[in-house]
Amino acid sequence: MNKRIIGRVDKIDFPKLGLFHIDVKIDTGAYTSTIHYSEIIEENNTLRCVFNSDKHQNFGKTEITFDEYTSTVVKSSNGLKENRYKIKSEVIFFGKTYKINLTLSTRNDMRFPVLIGRQFLKRKFMVDVDLENVSYNSKPL
């Protein structure tokens, strides 16, 4: 399989989450990918998640209920371990839709609402840190 070259940041779509033109950081230091949420309610074997942010562009209020979800322990770069919910969704790079696992984290204080980690990148992409918005600026395949 040929790997596509992407830059260190991009803008991508999460159609199943109703989020479009979202700023993402490509983070080869992170194993899992993560997305910002503003509110989570777990009830009756479902996970109701609100994706909303006044700080992050194009992160208008979207509420999604997940019937399938898990939890996982994520170790941050500062060494702290955190238990997070994990969902499955879809993401669009270069006009192509891919399945992606996302952990949920509050990232309002961070510059990017989404980090794309190695688990998603492997066997699909190579990162050129000199580039930005390669997928966003390209024409769909």
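## A three-stranded sheet

Let's start with an open sheet of three strands, which run in the order β5-β6-β7 and pair antiparallel. The edge positions go to β5 (39-43) and β7 (62-66); each has a single partner strand, so one side of each has no neighbour in the sheet. Ignoring direction, neighbouring strands here are turned by 15° against each other on average. Keep in mind that this is a predicted model.

Now for one of the pairings. β5 meets β6 (residues 46-51) in the antiparallel sense, over five bridges. Within this pairing, E43 sits opposite T46 in β6.

## The largest pocket

On to the open spaces. The largest pocket has a volume of about 650 Å³. It is lined by 28 residues, and the ones closest to its centre are S76, S77, R84, R107 and L115.

Which strands each supply at least two residues of this lining? They include β8 (70-75), β9 (81-93) and β10 (96-105). By residue type, the lining of the largest pocket splits into eight nonpolar, 11 polar and nine charged.

## The second largest pocket

The second largest pocket holds about 230 Å³ of space. Its lining is made up of K16, K88, S89, E90, K99, I100, N101, Q119, F120 and K124. Two or more of these residues come from each of β9, β10 and α1 (118-121).

Methods. Residues numbered from 1 in each chain as written. Predicted model: local features only at pLDDT ≥ 70, side-chain atom pairs only at ≥ 80, totals over all residues. Heavy atoms only, no water. 1 Å grid on protein atoms, 1.4 Å probe; cavity = no way out; pocket = protein on both sides within 12 Å on 5 of 7 lines; lining within 4 Å. Points joined across faces, edges and corners; volume = space filled by probe spheres on them. Helix = DSSP H or I, 4+ residues; strand = E, 2+ residues; numbered from the N terminus. Nonpolar A, V, L, I, M, F, W, Y, C, P; charged D, E, K, R; others polar. Pairing = 2+ DSSP bridges. Axes fitted to C-alpha atoms, helices over the stretch in contact; angles between N-to-C directions.
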